[in-house]
Amino acid sequence: MRISLLFIISTLFVKSLTAQCIKTITKSGLEKEMFLYGFMGNDVYKFFVAKVNEVSDDVFVCKFLHSNSEYVFDHFKRSTYDKSMMQATVNMNKGGKYPKGTIFHFLSYISDQGGMCNLNNVEEIEFQECITTFADDGRSYLGSVTRNKGNYKITYYHTNSVYEFDTNWVIKKVTKGTYKIGGKARTEYAHTVEFK
């Protein structure tokens, strides 16, 4: 009786933790370390991931993960393409191909950063955005995680590489990726950000 009661209490605790995971959070503006996922100009079928490095009012600098190109954007506002997205205009770039004036339409994500949304407490996950930081070099990437009572499988948006991790976040399998099997990582829930 004692074991089954403990099991019920622990199950309810885990469910309460996952129930507290808020998919969308509201912010007043972009912040350093946010991830942006979107498209440039009218090319709605080609998506990119960028990480915000600096923010000052409606001007921000970010690095695109697929190319390491760095862009300065301004005119940050609600997207004219889709009201659930934001947009900004290329002001200048270093190593990128999109010229000044090109519009970047994007969704924004921020890490839970050790909050109440611990992916380790959930046995089944279906396509939840996450941010992984690899121990080898400290670099972070945006992806989508799935889990079905065991290992985690993450597809990273910038390369479509797929990694499988065990419950201690050790890499067990790699498809199209550069990090080696046996490497360690930390993965956190990613909230979608809405702006006031």
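In which strand is M92 found? Before I answer, a word on the source. This is a predicted model, in which local features need pLDDT of at least 70, side-chain atom pairs count only at pLDDT 80 or more, and totals for chains, interfaces and linings use all residues. Residues are numbered from 1 along each chain as its sequence is written, and side-chain values use heavy atoms, with hydrogens and water left out.

M92 belongs to strand 6, residues 86–94; strands are DSSP runs of E of at least two residues, numbered from the N terminus. Setting aside neighbours within four places in sequence, M92 is in contact (heavy atoms within 4.5 Å) with E70, Y71 and V72. The C-alpha atoms of M92 and V72 are 5.3 Å apart, although 20 residues separate the two along the chain.

I turn to the interior. A nonpolar core is a set of buried Ala, Val, Leu, Ile, Met, Phe, Trp, Tyr and Cys residues joined through side-chain atoms within 4.5 Å, where buried means under 20% relative accessible area with a 1.4 Å probe, protein chains only. The largest such core has 28 residues, and L119, F134, L142 and F165 have the most contacts inside it. Elements giving two or more residues to this core include strand 2 (35–40), strand 9 (140–148) and strand 13 (185–195). Strand 8 gives the most, namely four residues. Apart from this core lies another, of 22 residues, among them L36, F60, C62 and Y71.

Returning to L119, and not counting residues up to four places away in sequence, its contacts include I125, V145, W169 and Y189.

Thank you.

Technical notes: Buried < 20%, exposed > 50% of the residue type's maximum accessible area, 1.4 Å probe, protein only.
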